[in-house]
Amino acid sequence: MESINPQSGKVIQTYSSATDEALQTRLRAAADEFQHWKLNSFPERAKLMHAAATLLRARKAELAELMADEMGKVIRDGIAEIEKCAGCCDYYAEHAHQFLQKQSIASDAQESYVAYDPLGVILAVMPWNFPFWQVFRFAAPALMAGNVGVLKHASNVSGCALAIEAVFKDAGFPAHAFSTLLVESSRVEALIRNPLVSAVTLTGSTPAGRSVAGIAGSELKKCVLELGGSDAYIVLEDADLDLAVDLCVKSRLINAGQSCIAAKRFIVVRPLRAEFEARYAEKFKAIRYGDPRDPATDIGPMARTDLRDQVHAQVMKSVEQGARLLVGGVVPDGPGAYYPATVLAGVKPGMTAFDDEIFGPVAAIIEADDEEHAIALANQSVFGLGAALFTRDRDKADRLARRIEAGCVFINSFVKSDPRLPFGGIKQSGFGRELSWFGIQEFVNIKTVYHAAAAKPAHAVE
Ligand SMILES: O=CCCCC(=O)O
């Protein structure tokens, strides 16, 4: 497996994938470790998780450079990503015990309660776009709950995958509490089917989700899926337009547009559409793409040239279908998987930019007749990950938020994940939740314990 620098196109490192025997040995070791790890107390686990947070903070500069080299993330975003991972480790170190405390429930029993037991070896199949964050937001709760983790990371970020394993090991976790498996995607099916694996979590595309869910389903193994999105950002007539334009630009360009929760469809009511479009295009024109290590760069290269070419094909298709290209839309000459910040206007249902997820720095502006039409357009999607609403009317925002088919709705803000808040989607964006109290509940056995009304003491039996 090769790590290729998307800026230069040069191979940085080649990794050999694990043999079947080596994989089996690692899974066996993880399963054996689970028998010990699950018996540790919460304070013991928390101590190690805090140590992982400390190490992440100490290594943030080098880890950000690794991301820049393997997938093109600009350095300041890489540093922010590592800090967020550290915060997530601290959060679960501090709260896991309380989240998984036994809960008494009154019933006809003398005593009945719910206990939360770990499930075992959890396989995480993770993508390259947030190579640390996506892994830590799974690993911190899963390990704190007493599970052990094995990671199959995207093949272009093997360096990141090994660096994550090293963080856990160097923080003092037992050797097989968290391990990285260097394997190609074609071997994920065998991993899910392996009897030593208890459950699987995937962050990735909708087709990958279908495949993982199908395999996990046929094995009757629990899975959590965090898939694609085409988040609608609705701008209503009473919106603060400066704020809306700023946040809509910012959200679309997160990670060079390569984020499931980046804003993708901008649905603006007719009276504001022309003004929004003009201001939006102006800001996009000023966006500089370039070396991810250069502090002056706004967006780095996309992660791979084939992904860049796919985005360009989607832009061209949308234009053929009638969208107006306002900014960008031209593949630059020279090396690197670069794509310019691009704006499409006049986008409508039936066009690629409306119907499909565009995983790159491409904005689709859509005009709505009115508020009702805006909500209908937002919901006219196979995806249901996130959405944002811009309005000054708080009551209206609450009413409309409930009508939007998505896992989260942010009002006058862009969509973001936060360890304290549940994160996940509906429809073809997946199912299950990560983060918060809800996330740590996904990979536990929610066990009912029932004590019958007091049996007579032995000496009282006639
Ligand atoms: O592709 C998904 C990106 C999620 C980013 C985040 O959680 O902030």
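Between which domains does the ligand lie, and why? Domain 1 (2-227 + 429-449) and domain 2 (231-411) both contribute residues to the shell around the ligand, so it lies between them; the domain bounds come from an automatic or database domain assignment.

This is a predicted model, in which local features need pLDDT of at least 70, side-chain atom pairs count only at pLDDT 80 or more, and totals for chains, interfaces and linings use all residues. Residues are numbered from 1 along each chain as its sequence is written, and side-chain values use heavy atoms, with hydrogens and water left out.

Select next the residues around the ligand (a heavy atom within 4 Å): Lys84, Asn129, Phe130, Trp133, Gln134, Arg137, Ser259, Cys260, Ile261 and Ser417. Helix 4 (residues 133-144) supplies the largest share of this shell, 3 residues; helices are DSSP runs (H or I, at least four residues), numbered from the N terminus.

Then display the polar contacts (pairs of N or O atoms within 3.5 Å). Ligand oxygen atoms lie 2.9 Å from a polar side-chain atom of Asn129, 2.9 Å from a side-chain N or O atom of Trp133 and 2.7 Å from a polar backbone atom of Cys260.

Notes:
A polar contact is a pair of N or O atoms within 3.5 Å; within protein, one must be able to donate a hydrogen and the other to accept it, and residues adjacent in sequence count only if both atoms are side-chain atoms. Helices (H or I, at least four residues) and strands (E, at least two) are DSSP runs, numbered from the N terminus.
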